[in-house]
Amino acid sequence: MSRVSLPHRYSGKVRELYEVDPDRMLVVASDRVSVFDVVLPDLIPDKGRVLTALSTFWFEQTRHLVRNHLVSSDPTDFPETAGSEVAGRAMLVRAAQPVRLECVARGYLFGSAWSDYQDTGTVMGRRLPAGLAQAEALPDPIFTPTTKADEGHDLPLSDADAAALVGPDRYDQLRELTLAVYKFGAAHTAERGLILADTKLEFGEVDGELVVIDELLTPDSSRYWGADQYRVGTSPPSFDKQYVRDHYLSIGCDMKPPVPHMPEGVIAGTRARYVEAYEQVSGYSFDSWYGDDE
Ligand SMILES: Nc1ncnc2c1ncn2[C@@H]1O[C@H](COP(=O)(O)OP(=O)(O)OP(=O)(O)O)[C@@H](O)[C@H]1O
Ligand SMILES: [Mg+2]
């Protein structure tokens, strides 16, 4: 065991960023879990390794559609100063200038989009056919970007406001790439008995070119449903943090920090769901992913 002795650059809700050299960084995914934008007081064992394994899988699978920041998730490619503790939970990546937009693609009417549609018949100004039900598949996937808030909740944007933020040409590129990745991911997961309801991508620029950064098509950034449990008009149980959300809802927690600890069963159940998500999506055994015991 040895700690990271690279210069620390950023601490996110889930990830720690370290500088390797001017062009490359080490992104380390912790076992922290955040729900409703609050980081919880307990860790989910192996969550960081699952997120790294799944992102690595998807970065490789989607490479033909869009560039991404991944250089390597193989610990033997990391500088020695990265230490052995990060094996399995770290990615060596190209340092990018983050685009100030969270790029969301939705194939199903759910969550905040469903709420907005019930109130206005639109999703942030994007008109949809009348009479759609909760969790219903959309005629075509839609792009519903939000701001990338440093603190608190990301805010939804109309096409016009989002285009004004990043420039109209960049906006068109971001929309095309996000929808292409979503459609690819949805088609792949459908073959594995899963529905990819929606997902959020982050982009950055390297030498003026767009690359996908951060994580890709993980349960933290996406909503996965088991196809066998999916019914239009209902709220299907999802692969993401449903265990955790349901627990806090059931104890009537208002999610104002500090929130109480989770019971062991909720932690174990959530870990199992993350591992299951990786194995079902990728078809690989999680036991063969990198770890610091090798
Ligand atoms: N290749 C990269 N170059 C520069 N920044 C990156 C790169 N990859 C990821 N990042 C940034 O690292 C941070 C990772 O932190 P983390 O995933 O914990 O998220 P966060 O910022 O707290 O927010 P969110 O929960 O919305 O993802 C993000 O701000 C992301 O934009
Ligand atoms: Mg993130």
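**View 1. E16 and its bridge partner V28.** In strand β3, E16 has V28 as its bridge partner. The two strands here, β2 and β3 (residues 24–29), pair in the antiparallel sense over six bridges; strands count as paired if DSSP finds at least two bridges between them. Two residues lie between β2 and β3, which form a hairpin. Strands (E, at least two residues) and helices (H or I, at least four) are DSSP runs, numbered from the N terminus.

This is a predicted model, in which local features need pLDDT of at least 70, side-chain atom pairs count only at pLDDT 80 or more, and totals for chains, interfaces and linings use all residues. Residues are numbered from 1 along each chain as its sequence is written, chains are lettered from A and ligands numbered from 1 in the order in which they are written, and side-chain values use heavy atoms, with hydrogens and water left out.

View 2. Strand β1 (residues 8–11) runs antiparallel to β2 (residues 15–21), and three bridges join them. Y10 stands opposite L17 in β2.

**View 3. The open sheet.** Five strands make up an open sheet with antiparallel pairing, in the order β1-β2-β3-β7-β6. β1 and β6 (70–72) each have a single partner strand, so one side of each is left without a neighbour in the sheet.

**View 4. β6, β7 and helix α1.** β6 and β7 (residues 90–94) run antiparallel and are joined by two bridges. S72 stands opposite L92 in β7. Helix α1 (residues 47–61) packs on the sheet and touches β2, β3, β6 and β7, where contact means heavy atoms within 4.5 Å.

Technical notes: Axes fitted to C-alpha atoms, helices over the stretch in contact; angles between N-to-C directions.
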